[in-house]
Amino acid sequence: MDLLQRIKENARLSGKTIVLPEGTEERTLQATDILLSEKIAKIILIGNPDEIASEATRLNLKNIGEAIIVDPKKHDKMEAYAEILVELRKSKGMTMEKAMVLVQDPLYLATLMIKAGDADGEVAGALNATGDVLRPAFQIIKTMPGISVVSGAFIMILKDKTFGDNGMMVFADCAVHPNPTASELAEIAVATAKTTKAIAKMEPRVAMLSFSTMGSGKHEMVDKVVEATRLAKEMAPEFQIDGELQADAAIVEAIGAQKAPNSAVAGRANVLVFPTLEVGNIAYKLVQRLAGAEAVGPILQGMAAPINDLSRGCSVSDIVNLVAITANQAAGL
C-alpha cells in the first residue's frame, strides 16, 4: 500500500468531519463526490444549496446529497457562532454587529465551525488566496500550545528509493514563514517531526540544513541553525534531530560518515528543515521538477486544529488527497 492509500485508509478509520468553504466550486464538488463515495471523510459544504444542487446535476455527481450543506447567508447557528467570534476578538474591537456579517463569510464560518466542535478540519484555497484562508484561522483557531509559528511541509515521494525511507522524505518550511528566528526554526523542526510521524508514519530523522556541516563554515546564518538545533533537541528529546548539516551530508551516507561521523542523522535523514522559506521553496520545486518527485502538500503545521491551503491551480485529486491528510492530522491531535 503506497503512502496516499495508507493516508486515505487511516482517514476512513478516523471518521473525521472536514469543512469545505468553497462549496460551489466545481473541483471541490467533484472531490466531495469522490470523498463521500470512498468514505474518506464526512464533508460539510458551505454554499448556496440550490447552486450546489444545480452544479451537482450538471456534473452528474451522485453522492453530494450525503454531504451536510450549510448556507452561509442563513443557518441556524449564525448567532451562536457570532457570539464565539465576539468573545475571541472583543479585545480587537469585535462587536456583535460586525460578527454577524463575518459569519456569512464562508472562510470565517468554516473556522468557527471548527472552534465550536462542529467540524474537525478545513481545506480551502481552490478559489481563495492563502492570506484569505489563513487570516480567520490565525484569528480564531490560533496555534497549538508551545508553538508560535505556522509552517508548511511537503511529503516528497522520490523515484530513487535510496533516499529517506524508501524514497520518502519530508521538507519544511516550503510554504509559509519567510525568515524564521532560531526559536521559530526549532518549532518548525519539531512540528515537522510530528507531521512525519503522524502523516507519513515514519520515525523522523531530522536534518537542520545549512551551507556548513558541524562548524565547517562561520556566519550568522549558520549560527541561527546551530542555535535552532540546540533548542529543537531540548523541545523534543524524543526525536532524532541534528545539525548543522549540508544537504549532501544529510542524505548521502558516505558523505555523512565523512563530514559528521558522530551523527545519528547524517547520511540517513528523512526530514530536511531549511533555514529560510526561500531555500525550502526553491529546493522542493527543483526536486519535484528535476528528479520527477511527487510533492504532497503543503501540509500546514502548528495550528491548534488542521486547516490546509490548496493552490488555486489544484486538481480534483489534490483536494481529495489534502482532505485525507487533514483528517489524519485531526486524528493525530
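**Note on aromatic pairs and salt bridges**

1. R230 is partly exposed, having a relative accessible area of 39% (buried is under 20%, exposed over 50%, partly exposed in between; 1.4 Å probe, protein chains only). This is a predicted model, in which local features need pLDDT of at least 70, side-chain atom pairs count only at pLDDT 80 or more, and totals for chains, interfaces and linings use all residues. Residues are numbered from 1 along each chain as its sequence is written, and side-chain values use heavy atoms, with hydrogens and water left out.

2. R230 forms a salt bridge with E227, with the closest N and O atoms 2.6 Å apart (a side-chain nitrogen of Lys or Arg within 4 Å of a carboxyl oxygen of Asp or Glu). The two residues are three apart in helix α9 (residues 220–235), hence separated by about one helical turn (helices are DSSP runs of H or I, at least four residues; strands are runs of E, at least two; both are numbered from the N terminus). E227 is partly exposed at 29%.

3. The whole structure contains 14 salt bridges. Among them, R135 and D132 meet at 3.0 Å, N to O. E9, R12 and E38 are linked in a network of salt bridges.

4. Two aromatic pairs are counted (rings of Phe, Tyr and Trp, the last by its six-membered ring, with centres within 6.5 Å; planes under 30 degrees apart are stacked, over 60 edge-to-face, the rest tilted). F154 and Y284 are stacked, at 3.9 Å centre to centre and 20 degrees between the planes. F154 lies in strand β5 and Y284 in helix α12, so the pair ties together parts 130 residues apart in sequence. F154 is buried at 3%.
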